[in-house]
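Please keep the sequence and the model in view while reading.

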Amino acid sequence: GRVGATPPRPGRRRWPRADAQAPSRPGLRLFDAFEPRLGPGVDRARGAMSAAAGEDALERRVAEICDELQAACDELEDAHHEATLFMVGEEEGEEAAAHGGAAMLSPFLPTRPGDLVDFLRIGGVGASDVLLDIGCGDGRVALAVAAVRHCAVVGLDISKLCIDAARSAEAALTVKLGADAFAAGVTWLHADFLKEEVRALESVRAATVLYLYVYPTLIEKLEPLVRDMLLNDGFALARVVTVEYHLKTLPHAQEHHRLRLYDAASVAAEGKTEEGLD
């Protein structure tokens with residue numbers, strides 16, 4: 001029983017008998033037996049196992065949400081195929097009305113489950129954050145973040161078809177995941193973010209994290225607005241994550257696979273450096 005004692009000889013048990021209550025983690029019996037000697041190692045092993053289990057649970061939850069939205073996703077991709085990269089308002093008929101008669105500068109780009117998991121890893125989103133997803137599509141990112149991180153989310157899209165699909169997805173996932181899944185609040189905005197009155201909305205100004213997975217045709221128009229949001233005290237925005245298509249003039253603080261993370265501190269620091277060079 002002393003620290004540093006030799007391992008028990010066969011027949012001398014230091015762990016529970018077979019007829020005793022089984023330990024809650026059978027795989028750690030051997031670690032428990034020699035814990036006085038291997039305490040720090042046991043803690044590290046347990047921490048690694050717990051982290052791995054957490055990652056598995058995160059990936060399963062994201063896959064579950066994406067699978068639930070797949071049918072609607074296919075329909076949206078078909079509906080947006082002919083409505084992208086030109087002035088929908090110049091069209092006639094039901095399709096123009098469905099998109100609100102606005103310019104669509106990016107096609108419908110559903111986030112891959114793997115990218116969504118990466119965002120949850122590097123975005124630093126917590127329960128006190130408010131996520132803004134511009135070009136939210138079927139709502140998968142906003143809904144996954146709300147369900148996993150238990151924070152408020154705002155999904156914004158210029159396409160009424162997308163906002164309708166996102167609302168339907170929220171209703172379906174509420175039934176599947178439970179009424180408390182989105183307790184922090186979910187807001188859907190059928191709007192054009194390029195309009196000043198939209199950026200003045202309280203739900204937009206309160207966002208602390210921005211998610212962008214949109215085409216360069218849109219992201220180049222968003223870039224000066226995003227810079228202003230990161231530096232302007234009138235906005236709460238602290239972090240921005242882009243997928244595949246990135247902000248060209250802003251310094252990124254981190255890169256992970258197809259994602260880049262930008263933060264207000266890095267952008268402000270760059271601005272001070274440029275001022276010093278003038």
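What handedness has the β-α-β unit that β1, helix α6 and β2 make? The unit is right-handed: with the strands pointing away from the viewer, the path from the first strand over the helix to the second runs clockwise. Helices (H or I, at least four residues) and strands (E, at least two) are DSSP runs, numbered from the N terminus.

The model is predicted: local features need pLDDT of at least 70, side-chain atom pairs count only at pLDDT 80 or more, and totals for chains, interfaces and linings use all residues. Residues are numbered from 1 along each chain as its sequence is written, and side-chain values use heavy atoms, with hydrogens and water left out.

**Overall figures**

The protein chain has eleven helices and seven strands. Of its 278 residues, 40% count as buried. Buried means under 20% relative accessible area, exposed over 50%, and partly exposed in between (1.4 Å probe, protein chains only). The accessible surface of the protein chain comes to about 14800 Å². Carbon and sulfur atoms hold 52% of that surface. These areas come from the Shrake-Rupley method with a 1.4 Å probe; for residues, only the protein chains shown count as cover. Contact means heavy atoms within 4.5 Å. Among contacts in the protein chain with a separation of 6 or more, residues 24 or more positions apart account for 64%.

**The sheet**

Seven strands form an open sheet with mixed pairing, in the order β3-β2-β1-β4-β5-β7-β6. β3 (186-190) and β6 (254-256) stand at the edges with a single partner strand each, so one side of each is left without a neighbour in the sheet. From one strand to the next, the twist averages 15 degrees. Axes are lines fitted to C-alpha atoms, for helices over the stretch in contact, and angles run from 0 to 180 degrees between N-to-C directions.

Two strands pair if DSSP finds at least two bridges between them. The table lists pairs in this sheet.

| Strands | Sense | Bridges |
|---|---|---|
| β1 and β2 | parallel | five bridges |
| β1 and β4 | parallel | four bridges |
| β4 and β5 | parallel | four bridges |
| β5 and β7 | antiparallel | five bridges |
| β6 and β7 | antiparallel | three bridges |

Particular partners can be picked out. Ile-134 has Leu-156 in β2 as its bridge partner. Asp-133 stands opposite Tyr-211 in β4. Tyr-211 in turn stands opposite Val-241 in β5. His-256 is bridged to Leu-259 in β7. Two residues lie between the strands in the hairpin of β6 and β7, where His-257 takes a positive phi near 55 degrees.

**Enclosed elements**

How many of the five residues of strand β1 are buried? Five of the five are, so β1 (residues 130-134) is largely enclosed by the rest of the structure. Val-130, Leu-132 and Ile-134 point one way, while Leu-131 and Asp-133 point the other way.

Strand β7 (residues 259-263) has four of its five residues buried, so β7 too is largely enclosed by the rest of the structure.

Helix α6 lies across β1, β2, β3 and β4, and runs at about 165 degrees to β1. Nine of the ten residues of α6 are buried, so this helix is largely enclosed by the rest of the structure. Among them are Arg-140, Leu-143 and Val-148. Just after α6, His-150 takes a positive phi of about 60 degrees.

**Arg-239**

Arg-239 lies in strand β5. At 19% relative accessibility, Arg-239 counts as buried. Its bridge partner in β7 is Asp-263. The side chain of Arg-239 makes a polar contact with the side chain of Asp-129 at 3.0 Å. A polar contact is a pair of N or O atoms within 3.5 Å; within protein, one must be able to donate a hydrogen and the other to accept it, and residues adjacent in sequence count only if both atoms are side-chain atoms. A polar atom of the Arg-239 side chain also lies 3.1 Å from the backbone oxygen of Gly-124. Not counting residues up to four places away in sequence, Arg-239 touches residues including Val-125, Thr-208, Leu-230 and Tyr-262.

**Ser-106**

Where does Ser-106 lie? Ser-106 is in the loop between α4 (94-98) and α5 (113-122). At 11% relative accessibility, Ser-106 counts as buried. The side chain of Ser-106 reaches the backbone nitrogen of Tyr-215 at 2.9 Å. Ser-106 and His-80 are 26 residues apart in sequence and 9.7 Å apart in space, C-alpha to C-alpha.
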